[in-house]
Amino acid sequence: MIAGIVMMSSVLAPVPDVSGQELVRAIGSLRDAGYERVKTTDVSGRGRVVVLRRSWKVCAQRPAAGAAPVRERVELAVVKVGESCPVGAPEQVRPGLMPNLQGKSVRVARRSLPGRTTVRINDATGRNRIVFWDTAWRVCTQTPAAAARLEGPVSLGVVKYGESCP
């Protein structure tokens with residue numbers, strides 16, 4: 001408090017546990033508790049943008065339930081309703097080494113690589129389809145292999161979600 005003014009950054013409020021809730025309800029609970037800054041991230045590996053909040057559920061949150069400053073941003077890890085939440089911690093990126101991109105969307109794969117990396121995307125079915133919607137395709141094969149030294153261009157063999165890798 002400075003001269004009778006409460007510093008908002010130091011005001012603590014209970015953070016509700018919103019894990020497992022539909023996103024609309026979770027955001028409502030957080031706002032009711034005083035948390036206005038909420039960020040959502042698709043943790044399915046597809047890198048989709050959250051548009052219709054009723055179609056998403058919360059897998060995890062940061063900060064966890066407890067008390068936190070009300071000016072703090074709450075981050076929600078979400079997946080579409082009907083999808084399973086990922087188990088375990090995300091893979092740690094190791095500088096200079098190729099990450100494991102298999103099963104990830106083309107969007108997530110591109111974002112996992114250094115900015116100046118040349119990425120070649122190929123339809124793994126051999127039908128030479130064009131990858132237009134990068135969240136609708138997933139990685140089946142990659143060169144270089146995961147954990148190999150990342151030098152030169154990267155090649156990804158991809159299929160549409162719902163298709164099997166050849």
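Which residue in strand 5 does Trp 56 stand opposite? Trp 56 stands opposite Lys 80. The structure is a predicted model, in which local features need pLDDT of at least 70, side-chain atom pairs count only at pLDDT 80 or more, and totals for chains, interfaces and linings use all residues. Residues are numbered from 1 along each chain as its sequence is written, and side-chain values use heavy atoms, with hydrogens and water left out.

**View A. Three strands form an open sheet in the order 2-5-3, with mixed pairing.** Strand 2 (38-42) and strand 3 are at the edges with a single partner strand each, so one side of each has no neighbour in the sheet. On average, neighbouring strands are turned by 35° against each other, direction ignored. Strand 3 and strand 5 run antiparallel and are joined by six bridges. Strands (E, at least two residues) and helices (H or I, at least four) are DSSP runs, numbered from the N terminus; two strands pair if DSSP finds at least two bridges between them.

**View B. Helix 1 lies across strand 2, strand 3 and strand 5.** Its direction is at about 170° to strand 5. Axes are lines fitted to C-alpha atoms, for helices over the stretch in contact, and angles run from 0 to 180 degrees between N-to-C directions. Contact means heavy atoms within 4.5 Å.

**View C. The largest nonpolar core has 15 residues.** Such a core is a set of buried Ala, Val, Leu, Ile, Met, Phe, Trp, Tyr and Cys residues joined through side-chain atoms within 4.5 Å. Buried means under 20% relative accessible area, exposed over 50%, and partly exposed in between (1.4 Å probe, protein chains only). Among the members that touch the most others are Leu 30, Tyr 35 and Val 58. Helix 1 (23-32) and strand 3 (56-62) each supply at least two residues, and the largest share, four residues, comes from helix 1.

**View D. Cys 59 and Cys 85 form a disulfide.** A disulfide is a pair of cysteine sulfur atoms within 2.5 Å; here the sulfur atoms are 2.1 Å apart. The link is left-handed, with -85° about the S-S bond. Cys 59 is in strand 3 and Cys 85 in the loop between strand 5 and helix 2 (106-111), 26 residues apart.

**View E. Cys 140 and Cys 165 form a disulfide, with sulfur atoms 2.0 Å apart.** The torsion about the S-S bond is about -80°, so this disulfide is left-handed. Cys 140 counts as buried at 9% relative accessibility, whereas Cys 165 is partly exposed at 33%.
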